[in-house]
Amino acid sequence: MPEQTARWISESDVVSLMDLPAAIQALELGLAAEAEGHATNMVKTHVEWDGGSTLHAIGAAFPVDGFVGTKTWAHTEGGATPLLILFDSHTGALKAVIEAFALGQMRTASASGVATKWLAAVDASEFAMIGTGKQALTQVAAVLAVRPIRSVRVFGRNRERLEAFVERVRQEFGLPVMAAAGVAEAIEGAGVVTVATRATQPIVTSAMLSRGAHINTIGAIVPSRAELAADVLARANKIVADSVPQARKLSRELIEFFGDVAAAWERVESLASVVQKSQPRSPAQDLTVFKSLGMGVSDLALGIEIYRQAIASNLGHPFAHPKKMPPKLRRSSGQNQTTGA
């Protein structure tokens, strides 16, 4: 019997196997599976230390497809190294370890892309990007993939980084791009707004948003952060979260707005239910909000497709499956021993 192997799939493998439009498609299929009861989230857990560093773990089960898995990473000032681990849902065998920085960027951007596809006005042509960090460029790309955007305005607190980002967006997408002087200037008149910051207090208010706007808020993924003011939520006709249980645990904006009243939280729809209904935005809607926290179904939806493509293309590095070994119960002879007082 041949030795069972798993596969290590690198960042370069990931980006060669999947682009952002394919990621949006894979995520929609994963969300449809969730809506049909064929995929289940593991609610995110995290711990914080040193005033902002965080350790995260999320996961999901796709038993019909034969996969379960988890993604984990430590977000620190020095960086992060996210890894997605896939297991066989029937045997528990390790299938793959996927380096998940590019995957995570595509997953987060894809969620905004899917949300914008179903929640934004079909003719939205002006886009505002608040934040110029590692997620920003893929967020721009995701919105451009699903809406006929003709101009982009960007705001970030660091002027040098803002101007560099504006130039990169201009070169990458060939669109008019303006560096705004503030959040309000960037958002004014925009049909689609994405906020990807590490703000600890709300930076977007209702007065900044035009009628007919849709806003994706993706930066405040732990209770210590917030991007939206309460009056934005009060005004919204539709509030959608990638995972409602996760929002009830981790979104300070929604927790403070809805409290612990189950009936109040019924206003919040899951992104999976939006995909299942597949109903375009009504012109009568004033404001729609998508709250993204990151969820296991999204990571697994992309990870499973990347794994299948890697097998088909013979990419990734096969390695021997871990073998069980009994624990050592006694010290070996001659090994130094210590005794308590």
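Which side chain of opposite charge is nearest to D88? In this predicted model, K95 holds that place, at 4.2 Å.

**View 1. D88 is a buried residue without a salt bridge.** D88 sits in strand β5. Its nearest side chain of opposite charge, that of K95, is 4.2 Å away. A salt bridge requires a nitrogen–oxygen distance within 4 Å. Leaving aside residues up to four places away in sequence, D88 touches G66, A93 and K95. G66 belongs to the hairpin of β3 and β4, where this glycine takes a positive phi near 90°.

**View 2. Seven strands make an open, mixed sheet.** The order is β2-β3-β4-β5-β6-β1-β15. β2 (40-49) and β15 (317-320) stand at the edges. Each has a single partner strand, so one side of each lacks a neighbour in the sheet. Neighbouring strands are turned by 15° against each other on average, direction ignored. β1 (residues 5-9) and β6 (residues 94-99) run parallel and are joined by three bridges. I9 has I98 of β6 as its bridge partner.

View 3. Eight bridges link β2 and β3 in the antiparallel sense. H46 is partnered by H56 of β3. T54 finds its bridge partner in H75 of β4. Eight of the 10 residues of β3 are buried, so the strand is largely enclosed by the rest of the structure.

**View 4. Helix α12 lies across the seven-stranded sheet.** The helix spans residues 296-313.

**View 5. F62 and L302 touch the most other members of the largest nonpolar core.** This core has 47 residues. Helix α3 (residues 101-119) gives the most to it, with nine residues. Not counting residues up to four places away in sequence, L302 touches M18, A23, A26, L27, L103, M106 and R107. A second, separate core holds 33 residues, among them I130, I221, L233 and V244. In soluble globular proteins, nonpolar side chains tend to be buried together.

**View 6. Eight strands make an open sheet with parallel pairing.** The order is β9-β8-β7-β10-β11-β14-β12-β13. β9 (177-179) and β13 (268-270) stand at the edges. Each has a single partner strand, so one side of each is without a neighbour in the sheet. The twist averages 20° from one strand to the next. Three bridges pair β12 (residues 238-241) with β13 in the parallel sense. The partner of V240 in β13 is E269.

**View 7. Helices α4 and α5 meet strands of the eight-stranded sheet.** Helix α4 (residues 136-146) packs on the sheet and touches β7 (126-130), β10 (192-195) and β11 (213-217). Its direction makes about 160° with that of β7. Helix α5 (residues 159-173) lies across β7, β8 (151-155) and β9. Helix α5 runs at about 175° to β9.

Notes. Residues numbered from 1 in each chain as written. Predicted model: local features only at pLDDT ≥ 70, side-chain atom pairs only at ≥ 80, totals over all residues. Heavy atoms only, no water. Pairing = 2+ DSSP bridges. Helix = DSSP H or I, 4+ residues; strand = E, 2+ residues; numbered from the N terminus. Axes fitted to C-alpha atoms, helices over the stretch in contact; angles between N-to-C directions. Contact = heavy atoms within 4.5 Å. Buried < 20%, exposed > 50% of the residue type's maximum accessible area, 1.4 Å probe, protein only. Lys, Arg positive; Asp, Glu negative; His and termini not counted. Core = buried A, V, L, I, M, F, W, Y, C linked by side-chain atoms within 4.5 Å.
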